[in-house]
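Hi everyone, thanks for coming. I'd like to walk you through one structure today, so let me put it up on the screen.

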Amino acid sequence: MNIHQNCDSVAYKIAVIPGDGIGPEVIREGVKVLQTLQDCMPEVKLEFVYFPYGADHYLKTGETISEEGLKELSKFDAIYLGALGDPRVPPGILEQGILLKIRFYFEQFVNLRPVKLYPGVPCPLVGKKPEDVNFYIVRENTEDFYVGIGGRIREKRRTEHEIKRSIYSIKFGLDLEVDGDEIAYQIGVISRKGAERVIRYAFELARRKGKKRVTNVDKANVLTHVYSLWREVFEKIAKEYPDIETEHAFVDAISMWFVKNPEWYQVVVTPNMFGDIITDLGAMIQGGMGLAPGGNINPEGISMFEPIHGSAPKYAGKNVANPIATILAGHLMLEQLGETKAAEVLEKAVAEVLREGKVRTRDLGGSSSTSEVGDAIANKIREICGIRHQA
Ligand code: IPM
Ligand code: MN
């Protein structure tokens, strides 16, 4: 069907980057499910264009993603990413050169990671039920220790005096004693503007989703410079939302409380690095990495959606990985595009398949393949839409 046939509806242009490892397998199911939605719901129109970025492309061409590549992506409405990382490429090259590059280039300053336990999914926390695990983590996505400022200095090449001078000269007011022959340092940066925009997003999200509490997570008792600014901004923004309750938690403590009392949490907002760590913990309490999606969001720009798990090279090509995290990333993408109805149908289909428990991959104790799970969800969408039409 011609995408411009119906003048009332727009076709969204989706850039698909399958990436490495299990990325292509899970993305295939994600696209399958989105295509099924499109078949069943005439108002949803999506156009997929594939990009080869990842290990193979890098090994062949030496390119991670170029400036032109990024410009090309800026013509799209959203980006749908599988996973990046490959044992043939040293750690960091693809992650920094593609994933972080895209997050920074498009100023996707929110990393939205819902933590939701669906009925039928085994929870590793004894006695916790779906109603106990249902919150959002809003992770800052462009600052903190991810800015890449740092270095490594070896004494063999410089005298201790020069090492110290070179560090002072960075003008971050450091006063390090160099003992031993080598030092490395890395600097975290929080900007007032960067903190404000993501913290405000967290409060707006709380209102939109009917949540009543926003928890700030930091480590302002030790990393006093960066996180006291962060905390100051949180308190200032909180005053604009008197209807929302607020609290502070240190990152070490919240790691314990996520396990002990997940039901307490509604919206959690945190700087980049801590957000990275506590969202893996969040993934486990919702049933595992195979179920956890993430959205790298620029509310006024181009956002990117991905499972939060990595490329899992040892499972690549075996058709065993759980595609649900990627399929749920598609749900976040539809929500962000404003396709609320389609997003609801997609989530309902996933929830039904999980609740029935007949088709599930090994991580959930089943023996179904990646593609069988995608098929089951696609069939469930057809079923839901059929019922809808009859009603
Ligand atoms: C994630 C990942 C990335 C991150 C890595 C691959 C750079 O762990 O999306 O959580 O640290 O943000
Ligand atoms: Mn991570």
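I'll go through some helix packing and then the surroundings of the ligand. Please keep in mind throughout that this is a predicted model.

Let's begin with helix α10, residues 324-337, and helix α11, residues 340-356. Their axes are 8 Å apart, and the packing angle is about 155°. Angles over 145 degrees count as roughly antiparallel, and therefore α10 and α11 are roughly antiparallel to each other. The crossing of these two helices is left-handed.

Who makes the contact? On the α10 side you'll find Ile324, Ile327, Leu328, Gly330, His331, Leu334 and Glu335, and facing them from α11 are Ala342, Ala343, Leu346, Glu347, Val350 and Leu354. Sorted by class, that contact of α10 with α11 has 9 nonpolar, 2 polar and 2 charged residues.

Now stay with α11, please, and bring in helix α1, residues 23-40. Here the angle is about 125° and the axes are 11 Å apart, which makes α1 oblique to α11. This crossing is right-handed. From α1, the contact uses Val33, Leu34 and Leu37; from α11, it uses Ala342, Val345 and Leu346. By class, the contact of α1 with α11 comes out as 6 nonpolar residues, with no polar and no charged ones.

On to another pair: helix α8, residues 251-260, and helix α9, residues 272-285. Their axes come within 10 Å and cross at roughly 10°. Angles under 35 degrees count as roughly parallel, so α8 and α9 are roughly parallel to each other. α8 contributes Val251, Ile254, Ser255, Phe258 and Val259, while α9 contributes Phe274, Ile278, Leu281 and Ile285. That contact of α8 with α9 divides into 8 nonpolar residues, 1 polar residue and no charged ones.

Last stop, the ligand. Which residues surround ligand 1? They are Glu95, Leu99, Arg103, Arg113, Arg139, Tyr146 and Asp276.

Let me pick out three of these by their side chains. For Tyr146, a side-chain N or O atom is 2.6 Å from an oxygen atom of ligand 1. For Arg113, the distance between a side-chain N or O atom and a ligand 1 oxygen is 2.8 Å. And for Asp276, the corresponding distance to an oxygen of ligand 1 is 2.9 Å.

That's my tour, folks. I'm happy to take questions!

Terms used: Residues are numbered from 1 along each chain as its sequence is written. Chains are lettered from A and ligands numbered from 1 in the order in which they are written. This is a predicted model: local features need pLDDT of at least 70, side-chain atom pairs count only at pLDDT 80 or more; totals for chains, interfaces and linings use all residues. Side-chain values use heavy atoms; hydrogens and water are left out. Axes are lines fitted to C-alpha atoms, for helices over the stretch in contact, and angles run from 0 to 180 degrees between N-to-C directions. Helices (H or I, at least four residues) and strands (E, at least two) are DSSP runs, numbered from the N terminus. Angles under 35 degrees count as roughly parallel, over 145 as roughly antiparallel, 65 to 115 as roughly perpendicular and the rest as oblique. A crossing is left-handed if the near helix is turned anticlockwise from the far one by less than a right angle, and right-handed if clockwise. Contact means heavy atoms within 4.5 Å. Ala, Val, Leu, Ile, Met, Phe, Trp, Tyr, Cys and Pro count as nonpolar, Asp, Glu, Lys and Arg as charged, and the others, Gly among them, as polar. A residue is near a molecule or strand if one of its heavy atoms lies within 4 Å of it. A polar contact is a pair of N or O atoms within 3.5 Å; within protein, one must be able to donate a hydrogen and the other to accept it, and residues adjacent in sequence count only if both atoms are side-chain atoms.
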